[in-house]
Amino acid sequence: SLSFSSFSFWFDVIYLFSNIYLININISIPSKSIVAFVGPSGSGKSTILDLITKLRLQQKGSILINDINVEDYENSSLRNNISFASQKPNIINGSIKDYIKFGNYSTTSYNLDEVLRLSDLKEFVKELPNGLDTLIKEDSNNLSGGQIKKLDIARAIYENKSILIVDEPSTSLDIPSQKIIMDSLFFIHKK
């Protein structure tokens with residue numbers, strides 16, 4: 001389970017005429033739930049995700065995972081249980097296979113073929129002359145924005161952690177790809 005209790009967050013610099021950003025947030029999310037944070041740009045959706053993973057530190061109130069304050073978790077212990085697909089993924093030099101497997105030091109219940117299908121990359125990779133061994137570059141100038149997003153979602157799915165966070169899952173994706181990704185997230189939830 002995940003909960004925010006009387007939680008507030010602010011930036012140390014003035015933010016749009018006020019330095020208070022999130023005020024008295026109370027959310028309780030049971031285990032095995034799918035939740036979407038929806039709101040306009042700048043409303044704090046990504047900040048909430050950063051707070052869960054301790055990329056930003058809480059300031060007032062508490063964030064609890066399984067009734068333990070995230071501040072009591074070691075960063076590595078917390079992050080070893082969270083798969084995170086970023087709003088702006090950072091691609092590393094290497095093969096597509098290397099990127100999907102990056103940081104995954106444990107076994108996973110997903111094979112690469114299933115991950116490619118779930119992330120809507122199967123046909124794209126099949127058409128590449130070197131398939132999964134195709135090299136991608138850090139500047140990712142050989143991939144579209146949608147392909148980058150799908151690769152990052154594939155990496156997060158492959159990690160198969162107890163918490164999956166996907167920031168802006170439909171960014172850079174066309175309508176058919178958005179549906180496939182959302183259907184895949186629901187499929188993973190049921191698994």
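**Stop 1: the cores**

Start with the largest nonpolar core, which has 27 residues; select Ile96, Ile100, Val115, Ile136, Leu151 and Ile157, the members that touch the most others. Helix 3 (96–101), helix 4 (112–118), helix 6 and helix 7 each put at least two residues into this core, and helix 6 gives the most, with seven. A core here is a set of buried Ala, Val, Leu, Ile, Met, Phe, Trp, Tyr and Cys residues joined through side-chain atoms within 4.5 Å, where buried means under 20% relative accessible area (1.4 Å probe, protein chains only). Helices are DSSP runs of H or I with at least four residues, strands are E runs of at least two, and both are numbered from the N terminus.

A word on ground rules: this is a predicted model, so local features need pLDDT of at least 70 and side-chain atom pairs pLDDT 80 or more, while totals for chains, interfaces and linings use all residues. Residues are numbered from 1 along each chain as its sequence is written, and side-chain values use heavy atoms, with hydrogens and water left out.

Now centre on Ile100. Setting aside neighbours within four places in sequence, Ile100 is in contact (heavy atoms within 4.5 Å) with Leu112, Val115, Leu116, Leu132, Leu151, Ala154, Arg155 and Tyr158. Then jump to a second, separate core of 21 residues, with Leu2, Tyr21, Leu22 and Ile63 among them.

**Stop 2: the pockets**

Next, select Ser33, Ile34, Ile163, Leu164 and Ile165: of the 41 residues lining the largest pocket, these lie nearest its centre. A pocket is an open set of points on a 1 Å grid over the protein atoms alone, where a 1.4 Å probe fits, with protein on both sides within 12 Å along at least five of seven lines; lining residues have an atom within 4 Å of a point. The volume of this pocket is about 1400 Å³, taken as the space filled by probe spheres set on the points, which are joined across faces, edges and corners.

For the second largest pocket, of about 580 Å³, pick Ile82, Phe84, Phe102, Arg155 and Glu159, the nearest to its centre of 22 lining residues. Helix 6 supplies the largest share of that lining, three residues.

Finish on Phe4 and Phe7, both buried.

Key:
Buried < 20%, exposed > 50% of the residue type's maximum accessible area, 1.4 Å probe, protein only.
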